[in-house]
Amino acid sequence: MTVISAPYEYTEEDLYVDLRSTYGHSLFLKCEGFNFAGSIKLKVARAMVQAAERDGLLAPDTVLVESSSGNLGVALAMVAASKGYRFVCVTDYRCNLAARRMMEALGSQVHVITEPTAEGGLLGARIDHVRALCAADSRYFWLNQYANPNSWLAHYHATAPAIAEAFPELDVLFIGAGTTGTLMGCARYFKQRQQHGHRPVRIVAVDTVGSVTFGGEPGRRMIPGLGTSVRPALLDESYVDEVLHVAEADTVRTCHRLARAGFLFGGSTGTVVSAATDWLARHDTPGLTAVAISPDLGERYLDTVYHCTWTRDLYGDQPEAVGAGSLSTSRTGS
Ligand SMILES: Cc1ncc(COP(=O)(O)O)c(C=O)c1O
């Protein structure tokens, strides 16, 4: 039995789905969506707030502020409510309604940015807004997930050791890149371990087409979580062995295929699984131990990734589409 008294005290580190029956390759998907914030970002929210408290940076009247595409905002709203701080989340129109509603239900304020800046896109505009809030009122405190080392340290101390313990024979690890906190924490852990004589683990970063993180051309990205319009300050590419880019249409197809097997995962999980299964098919190495990280579950994406009109308008007809509207679509066609 696990008993907790604050919502951030419980994170699930031991749950994996083996995707062999769906994809024919053994790929263990580490599921990070089973906690009170519903995503991997709970560990980051907890680590950043606890570090700020430890460093004496927070007062009882502090207003925490953060730019988030949704999941970190929900996690911070939860941690802030539990600890008695106010919290303002600065997001943009791609943040799904469910995440916004959750933050508000937890007592936080949500500011939604609609206009990108010419240089930094929507992310740049969100960060400008955060800076303006902090400049106008000294009670505002920006945790800054884009540069805060506690973001990657959360994964260095929790996510990566849990994977290493569960898979001592690990060969390859697939990690989605947003702020790159998960990527850098896991990559540093496994590369440093290798220096101490452990087996090498290939670190494969997964990004979205249209993201500039690894130097690609900026382009339209509609699924929150992965990709950036400003290169992340946390990124150190020397720890990364390989980078794969996935088009959002492939992300949607993969999410729908997983849903058909009964697993309703979030958009970025579709991206990571799409990249990982392609990689495994190309490398054809039986016996390889491969793990991918799933940051959240699918409920927050019912109006986007799992909504037929949304996916059809953005990516065209999906042959195996699931979700709202898909049954009526196929009936019309038959
Ligand atoms: C659903 C989802 N996937 C992936 C990520 C990327 O994680 P990171 O910021 O650690 O790169 C995030 C980050 O917010 C996310 O919300």
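Trainee: Great. What is the strand order in the open sheet?
Mentor: This is a predicted model, and its open sheet has six strands in the order E1-E2-E10-E7-E8-E9, with mixed pairing.

Trainee: Which strands stand at the edges?
Mentor: Those are E1 (16-18) and E9 (242-246). Each has a single partner strand, so one side of each is left without a neighbour in the sheet.

Trainee: And how are neighbouring strands turned against each other?
Mentor: By 25° on average, ignoring direction.

Trainee: Let's take one pair. In what sense do E7 and E8 pair, parallel or antiparallel?
Mentor: Parallel: E7 (residues 172-176) and E8 (residues 202-208) are joined over five bridges. As one example, valine 172 has arginine 202 in E8 as its bridge partner.

Trainee: Which strands does H9 lie across?
Mentor: Helix H9 (residues 267-283) lies across E2 (28-31), E7, E8, E9 and E10 (290-294). Relative to E10, H9 runs at about 165°.

Trainee: Okay, new topic, the ligand. How many residues surround it?
Mentor: There are 19, and the closest are Asn71, Gly178, Thr179, Gly225 and Ser268.

Trainee: What's the class make-up of that shell?
Mentor: It divides into 12 polar, five nonpolar and two charged residues.

Trainee: Which helix gives the most to it?
Mentor: H7, with three residues. Both H7 (181-195) and H3 (71-83) supply at least two residues of the shell.

Trainee: Then what does H7 do with H6? At what angle do they cross?
Mentor: Roughly 55°, and the axes of H7 and H6 (residues 149-166) come within 7 Å. That makes H6 oblique to H7, and H6 passes H7 in a right-handed crossing.

Trainee: Which residues meet there?
Mentor: From H6 they include Trp152, Leu153, Tyr156 and Pro161, and from H7 they include Met184, Cys186, Tyr189 and Phe190. By class, the contact of H6 with H7 has 11 nonpolar, six polar and two charged residues.

Trainee: And H3, how does it pack with H2?
Mentor: H2 (residues 41-54) and H3 pack at an angle of about 50°, with their axes 8 Å apart. H2 and H3 are therefore oblique to each other, and H2 passes H3 in a right-handed crossing.

Trainee: Which residues are in that contact?
Mentor: Among them are Leu42, Val44 and Val49 in H2, which meet a set in H3 including Asn71, Leu72 and Val79.

Notes
Residues numbered from 1 in each chain as written. Predicted model: local features only at pLDDT ≥ 70, side-chain atom pairs only at ≥ 80, totals over all residues. Near = placed C-beta within 6 Å. Helix = DSSP H or I, 4+ residues; strand = E, 2+ residues; numbered from the N terminus. Nonpolar A, V, L, I, M, F, W, Y, C, P; charged D, E, K, R; others polar. Axes fitted to C-alpha atoms, helices over the stretch in contact; angles between N-to-C directions. Parallel < 35°, antiparallel > 145°, perpendicular 65-115°, else oblique. Left-handed = near helix turned anticlockwise from the far one by under 90°. Contact = placed C-beta atoms within 7 Å. Pairing = 2+ DSSP bridges.
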